[in-house]
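I opened the model to look up a few residues, a core and a helix. My notes follow in the order I made them.

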Amino acid sequence: MKQQQPPQWINRLLDWYCSGEYANEIRGDLLELFDRWVEEKGERKANWLYVVNGLMFLRMYNARIRKTQIKTNQMTMIAHYLKIAGRNMARQKLYTLANIVGLSVGIAVSLMIFLHVDKELSYEKAYPKHDNIYRLAATTWAKSSPTQGEAFKAYMPEVKEFCRFADFGGELTVLNVGEAFFDVEHVYLADQSAIEMFDYQFVNGTAEGALTRPGTTLLTESLAKKVFGTDNPIGQTIELNESDKFEVTGVIKDLPTNSHIKAELLVSMPTFMKWVDADWYSNKGWMVMYTYVLFDNQQQAESAMTKMLDFQIDYRQITEEGMAEVKAENFFYELMPLTDIHLGSNKIQEMGPNSSATYIYIFITLAVFITIIACVNFVNIFVTISMRRIKEIGMRKVMGAKRGQLLQQFLGESMLTSALSALVALVLCAIAMPFYNALAGSGIEAVQLLELKYLAFVAGIVLLIGLLAGAYPALVVSGFTATKALSAKRDARTSGVSGFRKGLVVFQFVLSLFIITSTVAVTEQMNFVRDKDLGFSASHVVAVKTYGKMKEQLVENRESLFARLKQNPAIEDVSLSSNLMGDQLSVEGFRLASMDPDADYPSVNVLRVDEGFLSTLDIELLSGRTFQPKADTGGVYIINKKLADLWGIENPVGEMAEQMTRNERGPIIGMIDDIHYYSLHREVEPLVIEYKPWWTGYMLVEIDAENVPQTVAYLENFVQEVAPASIFHYRFLDDRIDALYKEEYSMFKIFRVFSVLAIMISCIGLLGLAAIEVQRRTKEIGIRKALGASNQGILGLLSRQFVVMVGIAIAVTVPLSIYAVGEWLANFEYHITPGVLTYLLPSVFFIMLAFAMVGLQAFRAATANPSDSLRYE
C-alpha cells in the first residue's frame, strides 16, 4: 500500500523561509505527526493539521538571514537621514516655508478641481442602464414629437423600450393639499416605462401600474415628507396649480443630483393624452416630448444610428424637396448617449441649463497650470539649495558614503517636504471647499477628500513631485568625486542659475502670465455682456409667477388690479407675459397671408403678452403702434426687425399674417428692433409678440430703485389679498438674464481666484530664487561695493537675468493667449474684439511684479555693509 504524503507546498515554503539548521528538523517532526494523524483522524484532517502546524513555525527566530532584509544599521541610517532633513529644513526656514506654502496651494487647487471634474463626469452614471440609454432628438432641438418614440420603436427592432417626459408647469408648480400650499420646481409628465428604464426605487407603493391611469402621480421621498410628513401618501389626493386633482400612487427615492433629469413629481402620461386633442397629439412637428430609448447593448445602438435618416424620411414622409429644406435647416434626427447630455448638449428646449465640456477642459488646464507653477517653484528652490551642499556631499564620500545612499538621502528629503505639503493641502482644501462651491456652483463635501481615489491622487502628486525635485540634485551632486566636492572651485554645473533651472522659471512665467492674460480677457467679455444694450430694460423688474386663482383674477380684473398696484408710488409699470426673457419660447409656424401657402418658411419664436409689456421693459417701436386692450381682442401681432428682414419687407405694419400652428389670422400692427431675448451665445432670432394676456405666466412689475424690500413686501401682500393662501414666488428679471451666463460667471470668478494664486505662487518662487541668487553672490557684491559700485549698478546686475526671463515668457505667452482667447470668444455670437491693451497690460504688470520681487532682495544686498559681505561664508 502506498504511503500517504503531506501537502508538498508547505514543505517548500518551510525550506524557503527557515534557515537550514531548522528546516530539516521541523519537517522531520511534522512527518512523524502526520503519520499518526492519518491513522487516528484520517487523511483529509491530517493534511489540514500538517498545514496549520507548518505555518506556525514561520516565526522571526526561524527566519533565514537574507541580504534584502533591513539591518539595524540601515534603520539607524534612515533615522539619521530624517534628522538631517529636519535640520536642513530648520536651517533654511524661509525656503522651506516657501516650498511648503507654494506646493500645498498648488496641490489644494488641483485636488478641488479634480473633485469638481469628477462630479461633472459622473452625471447619469447613478442609473444602472446608463450605458444603453439614448435620447432621441434632433440636431438643434432637444425635444421630439409625441408619437416619435413609439414610431421609432416600431421602425427599429434594436430598440428594447422607450419612454417620454414632458414639462408640466414650467419653472414652478404649486401643489396644495387642502389649505397647505407647497412650491415644486421640477414637475414632469412621464410614461410608465420610465420607471423601469431609469430604475426608480419605490419607498411606498409599487411600480406596477403607477403611471398607467390619467390623474395619477409619483412623489419623490423628500417631497412626500415635506407635504405629508410621516403619513402614508398612497391614495391621497393633491391639487396642482389650483386646477387639477391627482391621486398619489407611489413614492420613489429622490432622483440623483448628478443627472439632467431633475424631477420632484411625475404625472402620468395618459393625463397629457386626456388633455390634448388627437390632432395635436399626432402632429409630427410639435416638439414637446423628451424621448429616451433603451437598447440591450451599444452595438444595437450603433446599428440604429446608421438608420436614423431612413427613419426620419419614413416618419415625416419627406420628399426630395423636403430633404433640401431639412439640409438647409440642419434638422436631422439623432441619438445622443445619456451620459453625453450634461457636457455635450446645449440644444433648443433643453430640460435645463447644461454644462460644457469646454469648461471642464479649462478647469483641468487651470489645475495643471497652477500645479506645474507650484512644482517648478519647489523643484527650483530644492535643486538650488541642494547644490549648495557640495562640501557636505564631499565629507560624506570621504567617510565612505556610497552614491546610492546619497540618492536615498536627497529623494527622501524631497519626498518628506512634498508629503508635508500634501498634508497642508488637504487641510486647505477642506477649509476652502465652501468658498469653492460658491464660486463654481458645486455641491462637493469636504468628507469626499477621504475617499480612496482622491487620496491616491494626492499620493501620486507627492510621489511625482518628490521624484522630480529629488532626482536631479541626487543624480548630479552625488556624481561628484570627493576631491571636486571639497575643492573651493565651483563646478560649472553648480554655479548660478543653470540653464535647466532658467528653463523651468521661464516655463513657470509663461503659465502664470497666460492665466493672468486670460483673466483680463474673460473680465472684458463679462463686462461686455453685463453692459451691452439688449434692446430692453431688465433693471428693477420683478417677475411674479401667476397660477390658479391669482391668474384667474389677473385675467378677469386686470385693469382694476393694475390700477390698485400703481397707487403705490414705488410701482412704475405692470404687465403680463407668458414667458420671461431668457426662457425658451414656443416655436410656431408664422407667415404673411400673401405668401405662397405651399412654400416652406422658417418657424418663429412666439411670446404672448398684454398691452403694457413694451412699456414695462422699455422696448421701443420702430414703426406701428403697441397693443390696445379695447381695440385688440387677440390675433394681433408685433414682430421684430429680424423677421421682417427674413421676409424681405421693409415695413410689415398693416400686413395680414397667419399663425399656422394654431390656424389663426390677424394683422401686424407694429415692428420693434431686434432684442436679445436669448443669451448672447445665440444670434437674434425671428420673434412674434402676440396679444394674449390670458396666456399669462408672469406678472412683470417695474419698481423704483429705492426701498426695494418694502416694495417686494407690498407685492406679496397684494398677492395674498387677491388669492389668499397662494405662494408668492418672484425673481428679479436681471437675475434671470444673469443665469444665462452661469457657467461664464463661475469661470470668471474662478479665473480671478486662480490668477491671484498664480501670482502668489510665482512671487514666492521668484522671491526664493532671488534670495538664493543674492546669497550665492554675497562676496561678489561686497567686492563690487568695495571697488565703488553704486546701489543702482548692483540692483541692475542682480535683476537683469530675471527680467530677461520674463521677456522671453512674454514673447511665448502672447501668441498662445491670442489663440486661446479667440477660441473661447467664438462661443459667443456677440463678443469683444481684444485690443493691444488686453495683452500688454498683463505683460507690463508681470514685468513690474518680477522686478519688485527681485529688486527687494537685490536692494537689501546692495545696501548691506561691504565688510559684512566679505566675511560671509
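I started at Thr-813, which is in helix α29 (residues 791-825). The model is a predicted one, and I read every entry here with that in mind.

Is Thr-813 buried or exposed? I found a relative accessible area of 1% for Thr-813, so this residue counts as buried. I then looked for a polar partner of its side chain. A polar atom of the Thr-813 side chain lies 2.7 Å from the backbone oxygen of Ala-809.

Next I listed what Thr-813 touches beyond four places in sequence: Val-510, Leu-513 and Phe-514. I also checked Leu-511, which is 302 residues from Thr-813 in sequence, yet the two C-alpha atoms are 7.8 Å apart in space.

I moved on to Thr-517, in helix α20 (residues 499-531). Its relative accessible area is 2%, so I noted Thr-517 as buried. The side chain of Thr-517 reaches the backbone oxygen of Leu-513 at 2.8 Å. Leu-513 had already come up as a contact of Thr-813. Setting aside residues up to four places away in sequence, I found Thr-517 touching Ser-817, Thr-838, Tyr-839 and Pro-842.

Then I looked up Glu-350. Glu-350 sits in the loop between α14 (341-344) and α15 (357-387). Why do I log Glu-350 as buried? Its relative accessibility is 12%, and the cut-off for buried is under 20%. Which side chains make polar contacts with that of Glu-350? I found Arg-135 at 3.0 Å and Asn-354 at 3.3 Å. Beyond four places in sequence, Glu-350 is in contact with Arg-135, Ala-142, Tyr-290, Ile-341 and Ser-345.

Nonpolar side chains tend to be buried together in soluble globular proteins. The largest nonpolar core here has 94 residues, and those with the most contacts inside it are Phe-536, Met-581, Phe-613, Leu-617, Ile-619 and Ile-689. Helix α15 gives this core its largest share, 15 residues. I followed up Phe-536 and, leaving out residues up to four places away in sequence, found that it touches Met-581, Leu-617, Asp-618, Ile-619, Ile-675, His-676, Tyr-677 and Ile-737.

My last entry is helix α21 (residues 548-556), where the buried residues are Gly-548, Met-550 and Leu-554. They cover an arc of only 155° around the axis, so they are on the same side of α21. What do the buried residues of α21 pack against? I logged β13 (541-545), α22 (558-566), β14 (571-577), β23 (698-703) and α25 (708-722).

Methods:
Residues numbered from 1 in each chain as written. Predicted model: local features only at pLDDT ≥ 70, side-chain atom pairs only at ≥ 80, totals over all residues. Heavy atoms only, no water. Helix = DSSP H or I, 4+ residues; strand = E, 2+ residues; numbered from the N terminus. Buried < 20%, exposed > 50% of the residue type's maximum accessible area, 1.4 Å probe, protein only. Polar contact = N/O pair within 3.5 Å; in protein donor to acceptor, adjacent residues only side chain to side chain. Contact = heavy atoms within 4.5 Å. Core = buried A, V, L, I, M, F, W, Y, C linked by side-chain atoms within 4.5 Å. Arc of directions from axis to C-beta.
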